[in-house]
Amino acid sequence: MKRFLKWFTILVITFGVLGFIAFLYFIPPFDSIAPEEMSRPAAEAGPDLSAIADPAERAVAERGRYLVTIGSCGDCHATPGPQGPRLKEMYLAGGNKMIRKGHGTYISTNLTSDPETGLGKWSDDDIKRVLRSGLAPDGRPVQGHLMPWPSYSNWTEEDRHAVVVYLRHTKAITHQIPPPTADVTLTDPAAFEEDYGGKDYATPQR
Amino acid sequence: MIVHRPSSIVQRRFIVLLLFSCVAAIHAQPASLADGASLYQARCASCHGKGGRGDGEYSGLLNPRPSDFTSARYKFRTTETGSLPTDADLARSITEGLHSTAMPSWKPFLTQEQVTAVVTHIKTLSPRFASEQPRPITMGLEPPSTPENAEAGRIVYETLKCAVCHGIDGRGTGAIARMFKDDWGRMTRATHLTEPWTFRGGDTVRDIYLRFRTGMNGTPMPSFLGAATDAELWQLAVFVKTMGRKPLWEMKGSEVSTYYKDQQLEAERDLEKHGEYIANISGCTVCHSPFDDDNAMIEPLKFAGGRKFRIEPFGDFISYNLTSDKETGLGSWTDDQIKTFTTRGVRPDGTRMIPYPMPWPNYAHMKADDLNALVAFLRSLPAVTNRIPPPRQPNIASYLAGKFRMLILKRDPPIYEYPGNAGGRQ
């Protein structure tokens, strides 16, 4: 009886493990979701611009939202959560880890209008400068392969302005992002591999 | 998974470096030059390149391209055409920046001494500075910006045939050619004279005057010295200044909607240019152009794909060849197939792409006009043969581990990027 139980347990565990592996192997990770469903979150996230009273400002902000969407800002500046990126409630609040081997570890920054942890205290020129030339307000160079500012540098000055106007209308979210862990000017050409992670790395608020 | 260079190359580099430092130690250079060199490497090299050839790691994505200091052809000068710039000219470009380009104003970040040191270093990058002297121009006094002078300038605009390149309205309308090649063989466009904030060298009457008085070395913009008197060139500057329209950030009320309608018409007028803009700002250029070990774009393969992304658990994805090559590019795709893939991630054979690494769920929101322009631009790209292998699944263990991480732990899959061109194979 004891021997039977032992073998039975082994059998159950083996089947369980095999079954779990088969389950992992056969469930489709995304194919069951329609393309429209997958692209919907990008449209639904973000502030309600119809609340802006001045139609001129609304038009500019809408252009900014369009550029932020097709520029995929929200992909990297998303806050990862246990059920995937928290696109809606943490819109553009950052916290996603990105590693560039030999260049350091970066956490995507908080782009919301929060004055302490976001862009609230940055001047328009500060935001435009980082998008145009990859320089933070303190003059620190921004890693242009993780934050592709050389791409956004091609925005016309007026489109860049629209992006700034739009970012000013995002909901302020307090989400403290730690600074990069290595000097960004450090370069090692032999180390290229980049890693975009999937966990919220923001500093916990006390 | 770090890419290792052959050790012999590393050793050789080390020896060369060692030799260099010995030579540097023997030739005791002035302190400012050494300081300028290190400042240059820290602040300028990522765009202008370590050797100043304008080939830094970000240069491939920037438009206009960073200056090539080894050629010593500078656009923004107060010296005769073809001549070298003065130190003050170089310092001005650094402190003021070049408007609407990636070159920022360094005034907040560099002291005057540091700027001087960088200027001294930049001059060592071309042998011309050792053998030639800049020839500063002599210019008359700036006239007052009166309507009479502007009207006189308008006549000069006609006599000098500025409209041939810049258009009768300053925006290219009626221009014979809209695309030009600079001295490096790269396509460039005549400046829109109605948008003074994009005048790289500044938009004061004096700045504008200097551009046609001195010409812009390295570009098709010549000096008009001799074609008109100094006074006429000043009047022309006064006129060009009046062509400027109001920028978006000063517009109010209905001006904004008129502006956006105008922009749409402008985009329709030059579909390919607008498509190139969309390709640049939505990141097509970044991922569909492979990069070398020094992080610089492999220029002959711009838009020819080959950049490798590893996404656990889905495997290796190689960015596709977007050029119009029939065999390996988009040449045999229909417009609809390109649009369907861009906005829905569905390949011509009906299979679907995951939403990584190409963020097609974002492109699903692209406006129809922008999408049409993008297709028109991709069609205009010259064919480059670069055969891209289909996505490859990882080994079964990492596949299952990755799926566990993604489906059970609900983490996003990590994305790894690799240098070099992964295409070209059969």
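Helices α14(B) and α16(B) are oblique to each other. On terms: angles under 35 degrees count as roughly parallel, over 145 as roughly antiparallel, 65 to 115 as roughly perpendicular, and the rest as oblique. Helices (H or I, at least four residues) and strands (E, at least two) are DSSP runs, numbered from the N terminus.

Before going on, this is a predicted model, in which local features need pLDDT of at least 70 and side-chain atom pairs count only at pLDDT 80 or more, while totals for chains, interfaces and linings use all residues. Residues are numbered from 1 along each chain as its sequence is written, and chains are lettered from A and ligands numbered from 1 in the order in which they are written.

Back to the helix pair. Two packed helices are described by the angle between their axes and the distance between the axes. Here α14 covers residues 335–344 and α16 residues 368–380 of chain B, the angle is about 120°, and the axes are 10 Å apart. The axes are lines fitted to C-alpha atoms, for helices over the stretch in contact, and angles run from 0 to 180 degrees between N-to-C directions.

Which residues of α14(B) and α16(B) make the contact? From α14(B) they are Asp335(B), Ile338(B), Lys339(B) and Thr342(B), and from α16(B) Leu371(B), Val375(B) and Leu378(B). Contact means that C-beta atoms, placed from the backbone, lie within 7 Å. By type, this contact has 4 nonpolar, 1 polar and 2 charged residues. Ala, Val, Leu, Ile, Met, Phe, Trp, Tyr, Cys and Pro count as nonpolar, Asp, Glu, Lys and Arg as charged, and the others, Gly among them, as polar. As for the spacing, an α-helix has 3.6 residues a turn, so residues three or four places apart point the same way.

Now chain B as a whole. Chain B holds 17 helices and 5 strands, and its C-alpha trace spans about 75 × 65 × 40 Å along the principal axes. Of its 426 residues, 39% are buried. Buried means 20 or more other C-beta atoms within 10 Å of a residue's own, exposed means 12 or fewer, and partly exposed is in between, with C-beta atoms placed from the backbone. Among contacts in chain B with a separation of 6 or more, 63% join residues 24 or more positions apart.

The domains of chain B are domain 1 (22–131), domain 2 (147–245) and domain 3 (287–418), with bounds from an automatic or database domain assignment. Domains 1 and 2 of chain B have C-alpha centres 26 Å apart, and 18 residues of domain 1 touch 18 residues of domain 2. The domain 1 side of that contact has 3 nonpolar, 8 polar and 7 charged residues.

Helix α12(B) is mostly covered, with 8 of its 11 residues buried. Among the buried ones are His274(B), Tyr277(B) and Ile281(B). The cover includes α3 and α6 of chain A, together with α11, α13 and α16 of chain B. Just after α12(B), Gly283(B) has a positive phi of about 90°.

In helix α11(B) sits Tyr259(B). Why does Tyr259(B) count as buried? Because Tyr259(B) has 20 C-beta neighbours inside 10 Å. Beyond its neighbours within four places in sequence, Tyr259(B) touches Leu248(B) and Met251(B).

Last, some backbone details. The peptide bond from Asn63(B) to Pro64(B) is cis, with omega near 5°, and Pro64(B) is in the loop between α3 and α4 of chain B. The bond joining Tyr356(B) and Pro357(B) is also cis, with omega about -10°; Pro357(B) lies in the loop between α14 and α15 of chain B. Ser100(B) is not a glycine, yet has a positive phi of about 65°. Ser100(B) lies in the loop between α4 and α5 of chain B and is partly exposed, with 19 other C-beta atoms within 10 Å.

Methods
Two residues are in contact if their C-beta atoms, placed from the backbone, lie within 7 Å.
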